[in-house]
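Please examine the sequence and the structure below before reading on.

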Amino acid sequence: DLHRLIRRQRQMCIRDRSHILTLTATPIPRTLNIALSGVRDVSIIETPPEGRLPIETNIEPYSDDIIKKAISNELKRKGQVYHLHNKVETISFAAQQLQKLIPKAKIGIAHGRLPEKDLAKAMQDFDTGKTNVLVCSTIIENGLDLPNVNTLIVDNATNFGLAQLYQLRGRIGRGERQAYSYFLYHRKKLKGNAKKRLQALIEAKKLGSGFQLALRDLEIRGAGNILGKEQHGKVSAIGLSLYTRLLAQAIEELKFGKIQELSLIHI
């Protein structure tokens, strides 16, 4: 039919015109700004896999009671847990403390400094259910797909970037069971960009909201350089509105070969 023909033509057009395809759940500010400015084409996939449920997200001050309740509830339904402690020097101690808190938990440890065989063994034990709580570093953000893991606890969540927190949350809720994430902080009161990042996670509960979350990250961190190395920042020096108009002007000049007038009166 006509719609199928049009779709086929578009696919052929993309294949003929594109040499590189970049896939990301949360584009960094510079990449997103390049796309929004028209320098790079962007397509958005917002439809989640069938059967997925939005992840319940909790932002809480650190508490042993919260951790104990979250893990116990997951173990009661025969599920598994990621407990993210991103300090390799103290990760074994954190696992010992967790074992004391929940004696019935079968705890494994995984981080990037483990010997390859030990890391493979830890992940295999977790995958096969020999362990049900994995005390881990951010190594888990690299594409793990374990549908039985549906509780995530992130210690010191204020130390992570917004996109990284979103990627970590995406490691759970990969089946049809309700998933729960807990982002814990040790400060008495959240403030500044740390508060903005965690609040953005709460606002981005909807499945497929990575693009909206990336826009928020762009607002918080700044757009970075188009031609330089900086991935964020610097836009505030002239203002996002003026920066965007200057960039749009440069793109028009490259496309059409003539200088476009830029009015600064209404900025």
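How much space lies in the second largest pocket? In this predicted model, the second largest pocket holds about 270 Å³ of space. The points below describe the lining of this pocket and then turn to one helix.

**The second largest pocket**

- The lining of the second largest pocket consists of 15 residues. Those nearest the centre of the pocket are Tyr62, His85, Ala94, Gln97 and Asp155.
- Two elements, helix 3 (64-76) and helix 4 (91-101), each give two or more residues to this lining.
- With five residues, helix 4 gives the most to the lining.
- By residue type, the lining of the second largest pocket divides into six nonpolar, six polar and three charged residues.

**Length and end of helix 5**

- Helix 5 covers residues 116-127, and its twelve residues should span 16 Å at 1.5 Å a residue. The C-alpha atoms at its ends are 16 Å apart, which agrees with that expectation.
- After helix 5 comes glycine 129, which has a positive phi near 90 degrees.

- Leu119, Ala122, Asp125 and Phe126 are the buried residues in helix 5. Because they cover an arc of only 130 degrees around the axis, they lie on the same side of helix 5.
- The cover over the buried residues of helix 5 includes strand 2 (80-84), strand 3 (107-110), strand 4 (133-136) and strand 5 (149-154).
- On the face of helix 5 turned away from its buried side, Glu116, Lys117, Gln124 and Asp127 are exposed.

Technical notes
Residues numbered from 1 in each chain as written. Predicted model: local features only at pLDDT ≥ 70, side-chain atom pairs only at ≥ 80, totals over all residues. Heavy atoms only, no water. 1 Å grid on protein atoms, 1.4 Å probe; cavity = no way out; pocket = protein on both sides within 12 Å on 5 of 7 lines; lining within 4 Å. Points joined across faces, edges and corners; volume = space filled by probe spheres on them. Helix = DSSP H or I, 4+ residues; strand = E, 2+ residues; numbered from the N terminus. Nonpolar A, V, L, I, M, F, W, Y, C, P; charged D, E, K, R; others polar. Expected span 1.5 Å × (residues − 1). Buried < 20%, exposed > 50% of the residue type's maximum accessible area, 1.4 Å probe, protein only. Arc of directions from axis to C-beta. Contact = heavy atoms within 4.5 Å.
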